[in-house]
Amino acid sequence: DALPISASFSTKTDPALGWDTVERLFAIIAALTGDKPLVRTAITDRWIIALLEGSNHRCPSAISMYARLAREHTDLVARSMTVSTFLNIVVDSQTVASLKAEVMECFPVLQANDERCAAVLEDRSTTVPLLAMALNMTPLNSADYATPVLARLCERPAMAAACASYQRFIPTAVSKMHRAMETRNAVEMRYAVRLAQLMFAHSENPQAFIISQQLNGTLAIATQHYQKIFPKDVTRGAAELLDAMGEHSCIA
């Protein structure tokens, strides 16, 4: 079970690894280092760096392993650097959707476990536009892996405000609702509505939502014509957002 050289991660092909889980990697390192904890730490650090470098080179095995490492052993990864690497992966047109989905699932974990990560995710000049791009890049022929993650991230008010500040997020959320209505996918509709709710609730410019004819029209259609198709909580969420925007408009 010799460890493959780190150079194997510099290619975009799957290296012939002797391990397939993070736990397996740790077990091999432990077997090689015995009772030398400092050596074990040094080797572990080297392999984490190798995984990060491999991910930057778009090696599928490295991306999958590093994503697992980020989710399961968050304390071991260089978090801010990890977020930057993962953001580049989710907007990379050459990376397959299944890997992007794995990577997207890391963001809520990193956000919850490290304030530096949360701050990077809320960066309005760099991160937010990339997240909007990732949201737009979800393939039509696969499950929407991006909207549920964005909705979870936006449960944090500062994140919701950051996303709401980027104009393209509103039409993107609307397009996700349209997609969900066309496919009659209640789960995707629930997350798309929730994302819009959170952004509106914490927006510094709620007027941008109120004047969006696309958003108002889509919510009205969902409320009026999809009551027998979607569960009550989904259409109720759409109705509540529509009402909240109407009330805010009257107050303004």
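Which residues in helix 9 are buried? Ala146, Thr147, Pro148, Val149, Leu150, Ala151 and Leu153 are, where buried means under 20% relative accessible area, exposed over 50% and partly exposed in between, with a 1.4 Å probe and protein chains only. Helix 9, residues 146-153, is thus mostly covered, with seven of its eight residues buried.

A word on the model before we go on. This is a predicted model, in which local features need pLDDT of at least 70 and side-chain atom pairs count only at pLDDT 80 or more, while totals for chains, interfaces and linings use all residues. Residues are numbered from 1 along each chain as its sequence is written, and side-chain values use heavy atoms, with hydrogens and water left out.

Stepping back to the whole protein, you will find 15 helices and zero strands; helices (H or I, at least four residues) and strands (E, at least two) are DSSP runs numbered from the N terminus. Of the 252 residues in the protein, 48% are buried. Taking contacts (heavy atoms within 4.5 Å) between residues at least 6 apart in sequence, 67% join residues at least 24 apart.

Let us follow Phe107: leaving aside neighbours within four places in sequence, Phe107 touches Val83, Phe86, Leu87, Val90, Leu121, Leu131, Val149 and Leu153.

Phe107 also leads us back to helix 9. The axes of helix 6 (residues 106-113) and helix 9 come within 9 Å and cross at roughly 15°; axes are lines fitted to C-alpha atoms, for helices over the stretch in contact, and angles run from 0 to 180 degrees between N-to-C directions. Phe107, Pro108 and Gln111 of helix 6 make the contact with Val149, Arg152 and Leu153 of helix 9.

Finally, look at two loops. Arg58, in the loop between helix 2 (37-56) and helix 3 (60-72), has a positive phi of about 65° although it is not a glycine. Arg184 lies in the loop between helix 11 (169-183) and helix 12, and its phi is also positive, near 55°. Arg184 is exposed, with a relative accessible area of 56%.
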